[in-house]
Amino acid sequence: MADTSEISNSLVPLGRQQARVLLEAGYLWLDMGHFDKAKEIFSGAAALMPRSEVPQLALGAVEFSQGRHDKALQAYRVAQRLAPQSALPRAHAGEALLFMGKVPEALKELKAAMDLDPDGDGARLAQSLIQAKEAGVLPPAKT
């Protein structure tokens, strides 16, 4: 039997390579703008890997790419519940909140991401988003 992956964290034995190929296929569809196909693949991945935050982050990316920041936030919140000590779901939640104009809540999430894993991808994303907000690149807060 193939090594199961911490990425997959699957109920069904799913090898690391299989999990990566499945997720990469979804990201290829997403990059090509085929949102329905990407969502279908990521939904399948979420069913196969119900304890992994990775497919939920991917589902959030599909929604975010279409400007549905509220739905993206919902997926990122599921990812947070699955991996409460992971910085990446918090950084993505902060990103969605920024684009929803909820700046104070967004900054709280982004700072939490940086605190959880200061040298990780989530912290780097959070720091980049804070810098972009400070530079005026991101949408203004809703009043």
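Tutor: A residue is called buried when its relative accessible area is under 20%, exposed when that is over 50%, and partly exposed in between (1.4 Å probe, protein chains only). The model is predicted, with local features requiring pLDDT of at least 70 and side-chain atom pairs pLDDT 80 or more, while totals for chains, interfaces and linings use all residues. Numbering runs from 1 along each chain as its sequence is written, and side-chain values rest on heavy atoms, without hydrogens or water.

Helix 7 has 14 residues. From its first C-alpha to its last it reaches 20 Å, close to the 20 Å expected at 1.5 Å a residue, where the expected span is 1.5 Å times one less than the number of residues. Its buried residues are Gly122, Ala123, Ala126, Leu129, Ile130, Ala132 and Lys133. Just after helix 7, Gly136 has a positive phi of about 80 degrees.

The cover over the buried residues of helix 7 includes helix 5 and helix 6 (103-116), judged by contact, meaning heavy atoms within 4.5 Å. Arg90 pairs with Glu109, and their closest N and O atoms are 2.7 Å apart. Arg90 is partly exposed, at 25% relative accessible area, whereas Glu109 is buried, at 9%.

Helix 6 takes part in another such pair. The side chains of Glu105 and Arg77 form a salt bridge of 3.2 Å, N to O. Here too distant parts of the chain are linked, with Glu105 in helix 6 and Arg77 in helix 4 (residues 69-82), 28 residues apart. Glu105 is partly exposed, with a relative accessible area of 37%. Through shared partners, salt bridges join Arg77, Arg90, Glu105 and Glu109 into one network.

In total the structure holds six salt bridges. One of them brings together the side chains of Arg68 and Glu63, 2.6 Å from N to O. Arg68 is partly exposed, with a relative accessible area of 32%, while Glu63 is buried at 6%.

Conventions
Helix = DSSP H or I, 4+ residues; strand = E, 2+ residues; numbered from the N terminus. Salt bridge = Lys/Arg side-chain N within 4 Å of Asp/Glu carboxyl O.
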